[in-house]
Amino acid sequence: MDPLWLLLLLPLAVASGWYAARREVSKLSKEAPFNLPSAYFKGLNFLLNEQPDKAIEVFIKVLEMDSETVEMHLTLGNLFRRRGELERAARIHQNIIARPNLSNSQRLQALFELAQDYFKAGLFDRAESLFLELADVPSHAEQALRYLSQLYEQEKEWANAISATQRLQSYSEKDISPIVAQYYCELADVSLEKRDYAKAREHIDRALEVDPKSTRATIQLGNLEFDLGEYARAIETWRKIEEQDPRYLGEVIDKVVIAYRRLNDDEGLWEFLSKALDDYGGPKLLKAQIEEIEHRKGRSEAVVFLTDWLRKHPSLHGLRSLVNLKESELNSSTSASDLEPLQALLVSLFDTDGLYRCRQCGFVGRSLHWQCPGCKGWYTQSPVSDEHSMRQIN
Ligand SMILES: [Zn+2]
């Protein structure tokens, strides 16, 4: 419904009240003709002349507000907000708040609506102070805290996001500590960028305290140890990902390989790679294992391994790796390769390597976002793998 139509109804609501009161009086005397207040016609005139702002001014200033019209004003303001006419929405809500005879619940409702107008308009400072006020009122606390969390997320004010979300927990049946852990990880990222390792470690510890299953915190902690040259500790930390969420093992595999190499622990690396690949599969682990075989025993051994692997675990990314290997084998012995078109076809048809998909909204991207850019959900993205579907076909 166009809110402008509601503008027309607004004075009618007032007029009907006025009319009813007048009838009570006129019962005593003779029936008087029904007259609409002149403001109605003044406002209507503005509307017909396509001057809705002036019409709004007239209607909301001239007409008295009783409990019925407050509801209509609220509805009108919300309709404007929904249409993206945020200035008008805010003006109407401000006007309600300025009225002296409001009930407490009406005032709070108008404040809440105004805060949403500001939030939607990107006026975060104003929205924040109103939501903070409402967060102390039991009837509005939960919704206000939800908005505050969103607002602080957008502003990347992670410490504030943590306190708002922790307050929200008492109203929510769902355990939201994994989100709090993500905020601590964001703080850790900021510290890591500044190479403030002590502070970063504090944030990561807090993340793991509130959510011991936080894969992101574990990855970060391993990275931190790695940066400090503590390779054994880094490996030990990353291995916890296996218990938390092995789909993310591929995210650290390149660094795991480097860490083992720096420790000169070839045997450990071999053991780790073979077991991880057997247990979890996935393009990144397979690639690391093939590179390791190629590095140790040469390309033809890698081809033998991969062919055998593919027989047991058919996958498109594996097939593509095989074509790749075959092609480079041919290139080193002959000058031309007829596998090139096949390789190009495989890439164009099944280019899913390195893709991440959000299970909540379906957003697909080439880099891992801990907060989905599409739906803003936390920890909803995971690496896309074609193995699962291949196994189903099998
Ligand atoms: Zn999403």
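Mentor: Start with a rule: four donors count as tetrahedral if all angles lie between 85 and 135 degrees. Keep in mind that this is a predicted model.

Trainee: What makes the arrangement around the zinc ion tetrahedral?

Mentor: The four donor atoms subtend angles of 103 to 113°. Those values lie between 85 and 135 degrees, so the arrangement is tetrahedral.

Trainee: Which atoms coordinate the zinc ion?

Mentor: The SG atoms of Cys-358, Cys-361, Cys-372 and Cys-375, at 2.3 Å. Donors must lie within 2.8 Å of the metal, so these qualify. Their spacing in sequence is C-x2-C-x10-C-x2-C.

Trainee: Why is Cys-358 called buried?

Mentor: Its relative accessibility is 2%. Buried means under 20%, so Cys-358 is buried.

Trainee: And why is Cys-361 called partly exposed?

Mentor: Cys-361 has 38% relative accessibility. Exposed needs over 50% and buried needs under 20%, so 38% falls in between. Across the chain, 45% of the 394 residues count as buried.

Trainee: Now the helices. How do you know that α12 and α13 are roughly antiparallel?

Mentor: The axes of α12 (residues 215-227) and α13 (residues 231-238) cross at roughly 170°. Angles over 145 degrees count as roughly antiparallel, so the label holds for α12 and α13. The two axes come within 7 Å.

Trainee: Which residues meet there?

Mentor: In α12, they include Leu-221 and Phe-226; in α13, Tyr-231 and Trp-238 are among them. The whole chain has 21 helices and three strands.

Notes
Residues numbered from 1 in each chain as written. Predicted model: local features only at pLDDT ≥ 70, side-chain atom pairs only at ≥ 80, totals over all residues. Heavy atoms only, no water. Donors = N, O, S within 2.8 Å, 3.2 Å for Na, K, Ca; no water. Tetrahedral: all angles 85-135°; square planar, octahedral: opposite > 155°, others 65-115°. Buried < 20%, exposed > 50% of the residue type's maximum accessible area, 1.4 Å probe, protein only. Helix = DSSP H or I, 4+ residues; strand = E, 2+ residues; numbered from the N terminus. Axes fitted to C-alpha atoms, helices over the stretch in contact; angles between N-to-C directions. Parallel < 35°, antiparallel > 145°, perpendicular 65-115°, else oblique. Contact = heavy atoms within 4.5 Å.
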